[in-house]
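Hi,

Here is the structure I promised to pass on. Have a look at it first, and then read my notes below.

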Amino acid sequence: MIDADVELWTYKSVKEALVDAYLVCERTAGHWGPKSPKAAFLPIYDDLDIWEQRRAGTNEQGRGARPQVTSAQITRSDAALFGSKDAPAWLQMLGHSPERMALELWVWREVGKTYGKPRKSVEVLCLLLGEGWSKATFDRRVSRGAYLIAERLNRAGIAAW
């Protein structure tokens, strides 16, 4: 039963939340630092970067410019990517469907766009899937996948973020 006070999910809000979840996961769990020493990069440099960001009053300044992530963002990211007590991981809701493949590729494309990486065209993504879809079919499957997730979240009574 859907509560009248709960803000409902839409396919657009699901897509935005998935992109945010992937970005938070990449910022918190991804490798950073010089490539050659790998994990031997001293953690003090991270502390200096955060100090510089706080001193300057912005997340855009400092060495590395790693935006700070809040605990609420991490909790939301974990719920979307790994599931919670109220709902399974969002992409798992779609099973092994074409909608899941299209939505996941679309999310990775948007994450890459955030980091300024060159985006692959939708036609190239369709070739990577090996399905031979047109752009309209790809877009329809992305939107349908996000809609199915939104519908399931709304049925579970999970409020939109």
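Predicted model: local features only at pLDDT ≥ 70, side-chain atom pairs only at ≥ 80, totals over all residues.

Helix 1 (residues 11–29) packs against helix 3 (residues 71–82) at an angle of about 115°, and their axes are 8 Å apart. Axes here are lines fitted to C-alpha atoms, for helices over the stretch in contact, with angles running from 0 to 180 degrees between N-to-C directions. Helices are DSSP runs (H or I, at least four residues), numbered from the N terminus. The two are therefore roughly perpendicular to each other; angles of 65 to 115 degrees count as that, under 35 as roughly parallel, over 145 as roughly antiparallel and the rest as oblique. Helix 1 and helix 3 cross in a left-handed way, meaning that the near helix is turned anticlockwise from the far one by less than a right angle (clockwise would be right-handed). On the helix 1 side, the contact (heavy atoms within 4.5 Å) uses Ala21, Tyr22, Val24, Cys25 and Thr28, and helix 3 brings Gln73, Ile74, Ser77, Ala80 and Leu81. Seven of these residues are nonpolar, three polar and none charged.

Residues are numbered from 1 along each chain as its sequence is written, and side-chain values use heavy atoms, with hydrogens and water left out.

On confidence, the protein chain averages a pLDDT (the predictor's confidence in each residue, from 0 to 100) of 78, and 73% of the residues score at least 70. The pLDDT is below 50 over residues 36–45.

The other helix pair is helix 4 (residues 98–114) with helix 5 (residues 122–129): their axes come within 11 Å and cross at roughly 135°. That makes helix 4 oblique to helix 5, and their crossing is right-handed. Met101, Leu105 and Arg109 of helix 4 meet Val122, Leu125 and Leu129 of helix 5. By class, five of those residues are nonpolar, none polar and one charged.

Cheers

Notes: Nonpolar A, V, L, I, M, F, W, Y, C, P; charged D, E, K, R; others polar.
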